[in-house]
Each structure stands twice: as structure tokens, then as C-alpha cells.
Amino acid sequence: MRAKTMLRPVGSRVPRPARGQAEPLPWENQYHTWCMGSGTEALSAAIMLAIRRSELNGAVPHVILPAYGCPDLVAAVVAQGASPVLVDLMPDRPVMDLEKLVQAISGHTIAVIAAGFLGVPERLAELGDICRSRGLWLVEDSAQCFPPDCSHKPIADCAVLSFGRGKPINLMGCGALLVREDHQRFAGDVLEKLPETAVTVDWKWMIRRQVFNLLLGRIGYGLLLRLPFIGLGSTVYKPLESIRRVDLPLGLLGAGIRNAQSRPSVASQYSEALSFLVAKGWTLFMADQRAGADRPSVTLRYGLLAPDRMTRNRAVSLLNGYGIGANAFYEKTLPGIDVIADVLPTNPAVYPNAASFAERLLTLPSHEDVSDRDITVVVTVLDKVTREPEK
Ligand SMILES: *Cc1c(COP(=O)(O)O)cnc(C)c1O
């Protein structure tokens, strides 16, 4: 069954730039903001700073990151001549196993990337303790979370935001590197040498915004899906070729922030409506987010784990049939993504928890266009999936 219209899996509308005085950024007192060409470029610049800061004297630097996550993490690290060192996840949770992380640290390690996932932040306080005592840089990758943890507490040395499509703040591209005040002087010397281009909000930009927002609608997105060459949603590894700073109008960033902060959240509605799945072997890992309950992040998508891969796949195709853009997100662990296997160091270690997470993850749309009716459809379909024997 193929639905004509489709509730997009992820992504919010591009805001209209705000006029007048720009409001202070939520992290402004502790971090300096450098706008960059993309989130990947910002992350790579953070790794560049960590390398300059280290005293490795020419040895290949190692950077620790989770074994399941965005392939751009690998691209950002490799672009700086560093080696990614992967760490398995905790069972059924999108955060790194801290014991395994400590074991993965070597004399070559210079930094740890703490990547939030779909709005679930990493544990910055614990990671901060591990990094501080060993002189490692802690980079908060908040491309999928807003606001970043660093706007509450200045634990990370740097933080990264993405303003691409499918991220909490959609400005049709660009990103930001936030540098903690105590590094700003040294970082400024390094970052000022990067080339800079300007983003101009002119009539062409406004038209692009209109088209973009139109394609986020159910009919527009349904049309997009029927153009196979666009390859929507497929996970691919793209090497990073260059890094640039951008001059982003502050009114645009301000509008994006306000837009993200005022977006209604359906996460708790999902958690409640889907709680019946727990007795059937599903895991609602976004339901018991104790940490940050008083300062929730935007939920980029609502993620949950099916009991097994087959049930997950059945749920995805049934939901898609009903016009709900559910999907499996990255589908594979980082070493499982073709091209990445070539750039990873020789150790073909296995990451059982990351593999199980990748096999069972189902993501549901949680953006501003999800209606009560959509949630009812999701509940009905998932109830059906758990009842029906495999045909
Ligand atoms: C999307 C993403 C990035 C890269 O951001 P772009 O702006 O798309 O380059 C980095 N890290 C994570 C966790 C992401 O989800």
C-alpha cells in the first residue's frame, strides 16, 4: 500500500527573519558563537581546535564517538587527519557506555564527541568528569538537540549546532560552533584564518524558503517521495571537503531560536499513548528522560525500540501505508555504513548494543504538524503490528 500524502518524518518550517534588535543568545554569557557553513563544518572546526591544543607532536590524534549515530561525525573527524574511535552504546539507550569509553582512551586520544540523539542529550556532567581529569576536549554535538546543554552549564569546551533541514532550527543550511570563553582567545586566532561567506536574505532566499516550506506539507512531501533520485532519508557518508565561516544575519538565527522554543511537543503524548507497547517487549527510551525534565530539548523525532528487526520493519511499512512518515533512521551502526568501513582504523570491533539499537529503532514524526488524529493512527497501527502474527 502506498499513501498519496505523507506526514513528513522530520523537519520544521524555515522561519521568516526577525526584524529589529537581536535578542541575546541563550549561551551568550559563557560561549562565543562562530557561524559556520554547516554542522559538520562546525564539528570539524572543533576537532581542529582540540588538535591544536593537544601535545601529540605529529602522531595521529584519536577522537572518541558513539558507534551508532550520524555519519557526519566520522567525516568531521577524518577531515582533520584524526582517527575516529568508536564506543558502544548502553543497552537500549542512545548514549555511550562510559566504562567502555574509559577503556577506549589512549595516549593518542584528544577529544570526546558527546552527541545528543533526537533530542535526548548525552550526559555532559559525567563525560565532563572523565575528560577534565585526562585533559581531553569535550565537544557537545547538539545538532539534534535544542537548546544545547551548554546553555545551562559550561561543561563542554565547544558545542556544535546545525541549521540544516531536519534539525531543530531549520535555516536551510549553516551551523554554529560555540567556543567556551576560556578558549576564545586561542580559538579566535585559529578560526579567523578560515574563509568567510555571507548569507543574504534577499528575494531569492525568500522564494527558496516558500518552496521549502511547501514541500514540508503532506502533499508536497508525498510528491517528493515519488522522485526516487532525490534519495530522501537514505544514510550516506559524505566526506567533508572544506570549512568556512558564514556571516549569518542575527535576525534569522533569532527567529529560528524563537521558533524552536515555541514549538509544541508531542513527546509526552506519544509516551503515554504508546505505553501499552512496553508489555509487548518494546522500549520507550524517550519516556523516562529523567535528566533535563525541567528543561526539555526539542524532540526531533519520537524514537522507540521494537522487540526485533522484523517487527520494526513491519511497523515502518504499515505506518507508511497510512501516510505516516515513520522510518528506521540510520538503520546501521557507523562501521556498517559502506564507505565508513574504509576510513575506520583496522580494529573490526563489534558493538552489540549499537547494533541492536540500529536494528530495532523506529522513529515517528514529532514536528509541529503532527495532529491528535495522527497519534491515534500510530497507536492503532502499532497495536495491530503487535497483535497480528507474521504473514
Ligand atoms: C546532522 C548532524 C550533523 C551535521 O550537521 P549538518 O548541518 O547537516 O552538516 C552533525 N551531528 C549530528 C548528530 C547530526 O545529526
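A residue is called buried when its relative accessible area is under 20%, exposed when that area is over 50%, and partly exposed in between, with a 1.4 Å probe and protein chains only. By this scale E331, with a relative accessible area of 48%, is partly exposed. The structure is a predicted model, in which local features need pLDDT of at least 70 and side-chain atom pairs count only at pLDDT 80 or more, while totals for chains, interfaces and linings use all residues. Residues are numbered from 1 along each chain as its sequence is written, and side-chain values use heavy atoms, with hydrogens and water left out.

E331 is found in the loop between α10 and α11 (338-343); helices (H or I, at least four residues) and strands (E, at least two) are DSSP runs, numbered from the N terminus. M172, likewise a residue other than glycine, has a positive phi near 60°. M172 is placed in the loop between β6 and β7 (175-180), and with a relative accessible area of 13% M172 is buried.

Another backbone feature is the cis peptide bond from F146 to P147, with omega near 0°. P147 lies in the loop between β5 (137-141) and β6 (158-162).

The helices may be considered next. Two packed helices are described by the angle between their axes and the distance between the axes. Here an axis is a line fitted to C-alpha atoms, for helices over the stretch in contact, and angles run from 0 to 180 degrees between N-to-C directions. Helix α1 (residues 39-53) and helix α5 (residues 184-191) cross at roughly 115°, and their axes come within 11 Å. Helix α1 is therefore roughly perpendicular to α5, a term for angles of 65 to 115 degrees; angles under 35 count as roughly parallel, over 145 as roughly antiparallel, and the rest as oblique. In their contact (heavy atoms within 4.5 Å), A45, M48, L49, R52 and R53 of α1 meet F186, A187, V190 and L191 of α5.

Helix α10 (residues 309-321) packs against helix α13 (residues 372-387) at an angle of about 140°, with the axes 10 Å apart. These two helices are therefore oblique to each other. The residues in contact are T311, R314, A315, L318 and L319 of α10, together with V378, V381, L382 and V385 of α13.

Finally, the whole structure contains zero disulfides, a disulfide being a pair of cysteine sulfur atoms within 2.5 Å. For C158, the nearest cysteine sulfur, that of C150, is 9.5 Å away. C158 counts as buried, at 0% relative accessibility.
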